[in-house]
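Dear colleague,

Please find below the structure I am handing over to you.

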Amino acid sequence: MEPFAHRSLLDVEGLTRADAERILDTSEAFLQVSRRPVRKVPTLRGKTIINLFYEASTRTRTSFELAGKRLSADVINMSVSASSVKKGETLQDTCRTLEAMHPDVIVIRHAAAGAANYVASKIGCSVINAGDGMHAHPTQALLDAFTIRRARGRLDNLVVTIVGDIAHSRVARSNAHLLKLFGCEIRVVGPRTLLPSAADSLGVRVFDRLEEGLESADVVMVLRIQRERLEGALLPSLREYARTFGIGPRTIQYAKPDAIIMHPGPMNRGVEIESVIADGERSLILEQVEAGVAVRMALLYLFAGEASQPPAVG
Amino acid sequence: MAASRSSRLEASAVFSHTPPNVARTQKVILDADAIQRSIRRMAVAIVEATSGVEDLTLVGIRRGGVALSQRIADEIAKVEGSPPPVGTVDISLYRDDAATVLPNPKIGPSDIPFDVAGRHVVLVDDVLHTGRTVRAAIECLQDYGRPARVWLAALCDRGGRELPIRADFVGRVVEIEPRERLDVWIDAAGPDRVVLTEAG
């Protein structure tokens with residue numbers, strides 16, 4: 001087996017289809033580890049992983065923390081409040097400080113697009129982007145692809161509809177880039193104010209009517225509507241959004257009868273998704289959480305080792 | 001071992017490591033009949049050693065031990081009437097050099113579809129060499145539960161141990177030089193065979 005071609009994961013664009021398949025195949029073995037009586041393997045004993053979170057994110061941080069711990073790595077969580085720092089300078093200083101601690105992997109979440117690339121350019125260790133501004137969230141895209149592949153048996157040529165705040169969503173961007181590697185048709189649906197002006201450059205089909213966007217969809221990805229968007233006058237009211245773009249028993253009928261429903265969380269029940277759908281049998285929302293740990297274990301496994309030829313075992 | 005394992009993935013790549021212009025002698029040291037007799041003898045020995053044990057299970061070590069564990073289970077079925085449960089372990093995540101050689105090995109899933117706690121588990125591998133694979137397999141097994149006893153069966157014992165490990169059931173002892181290779185082909189392309197490749 002060839003060494004994995006990458007040492008860092010900054011965005012999806014750098015991955016080939018073969019890279020993505022390698023990550024997803026490796027994730028299968030780690031899903032099984034999380035289902036055993038002893039949910040831990042000794043693989044990364046003695047390795048150090050730093051979770052550097054400039055944005056609050058309990059679920060992503062917990063997922064990375066659990067992934068590292070289940071591989072026996074030492075995991076350090078650093079939460080930095082963005083308001084107390086002036087970004088440029090301090091991020092550089094933080095990089096120097098962290099480098100002196102000799103970590104093997106840094107996982108970074110930051111409100112500024114490009115923060116992960118910046119850190120990777122300053123530090124010699126592996127860097128995993130856990131979300132940077134509106135740019136990318138590659139591990140979310142990979143765990144979504146993993147969940148879809150397990151549920152549908154394949155990724156190729158599916159119709160995937162992403163509903164919600166597309167313009168501000170790094171999840172939508174990364175998912176679109178990844179799923180296009182597999183020939184999926186990507187559709188985005190939302191109010192005009194929340195659709196990106198350059199949606200066509202993503203290679204996606206844009207709809208502002210939910211019924212049309214959902215027609216014969218295999219996968220429906222529902223995005224969180226952030227209440228801040230109300231203040232920015234991009235949305236008139238949550239109630240109106242729910243009526244027009246909310247996924248409920250009535251609207252889901254436009255998708256394929258066996259369409260699967262996903263949501264990266266945390267959900268606003270009653271806004272972008274109704275409880276009867278979120279808790280229904282076609283919802284894979286909890287499977288996504290389980291997949292998140294497996295995919296992140298696979299990435300840490302692929303990044304945290306030295307690439308060299310294996311010596312004889314027997 | 002690692003070289004022979006990966007080369008088993010595709011038959012055409014078996015001898016690809018051989019430098020050009022270096023002739024290497026190959027010898028079939030066990031043919032299909034001899035392998036079948038060894039498997040039968042090991043199956044009988046396992047049944048005798050664990051007689052009265054209702055909780056006998058087999059776990060093949062990927063990749064070389066998987067086909068062998070199935071064949072041993074088939075032979076036990078002929079003696080006892082029904083085969084013991086068979087599982088597999090992948091030791092990639094438990095290698096003692098995992099932190100330095102990753103990410104080379106492709107990990108296959110371990111699959112033990114039964115509870116090992118309190119049962120007799122026979123680990124099965126094709127070739128016993130340094131013992132490091134077996135150590136890793138024991139550690140992996142223990143993360144599934146606490147077996148009453150762990151046994152070890154190997155079709156070939158080629159010597160060269162680097163850890164205090166020995167097999168309880170051995171098909172054939174083949175003392176060979178460190179530079180020589182032993183490749184076991186069971187239920188693969190072509191007839192079953194064990195091939196010794198001498199150093200060039």
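This is a predicted model: local features need pLDDT of at least 70, side-chain atom pairs count only at pLDDT 80 or more; totals for chains, interfaces and linings use all residues.

By class, the residues in the contact between α5(A) and α6(A) are 7 nonpolar, 3 polar and 1 charged. Helix α5 of chain A covers residues 138-152, and helix α6 of chain A covers residues 170-180. Their axes come within 8 Å and cross at roughly 55°. At that angle, α5(A) is oblique to α6(A).

Which residues bring these two helices together? On the side of α5(A) they are A:P138, A:Q140, A:A141, A:L142, A:D144 and A:A145. These meet A:V171, A:S174, A:N175, A:L178 and A:L179 in α6(A).

I turn now to chain B. There, 5 strands form an open sheet with parallel pairing, in the order β3-β2-β4-β5-β6. The edge strands of chain B are β3 (86-89) and β6 (169-173), each of which pairs on one side only. On average, neighbouring strands of this sheet are turned by 25° against each other, direction ignored.

Strand β2 of chain B (residues 56-61) runs parallel to β3(B), and 4 bridges join the two. B:I61 has B:V89 in β3(B) as its bridge partner.

A helix also lies across part of this sheet: α5 of chain B (residues 132-142) lies across β2, β3, β4 (120-128) and β5 (149-157) of chain B. Helix α5(B) runs at about 155° to β4(B).

With kind regards

Key
Residues are numbered from 1 along each chain as its sequence is written. Chains are lettered from A and ligands numbered from 1 in the order in which they are written. Axes are lines fitted to C-alpha atoms, for helices over the stretch in contact, and angles run from 0 to 180 degrees between N-to-C directions. Angles under 35 degrees count as roughly parallel, over 145 as roughly antiparallel, 65 to 115 as roughly perpendicular and the rest as oblique. Two residues are in contact if their C-beta atoms, placed from the backbone, lie within 7 Å. Ala, Val, Leu, Ile, Met, Phe, Trp, Tyr, Cys and Pro count as nonpolar, Asp, Glu, Lys and Arg as charged, and the others, Gly among them, as polar. Two strands pair if DSSP finds at least two bridges between them.
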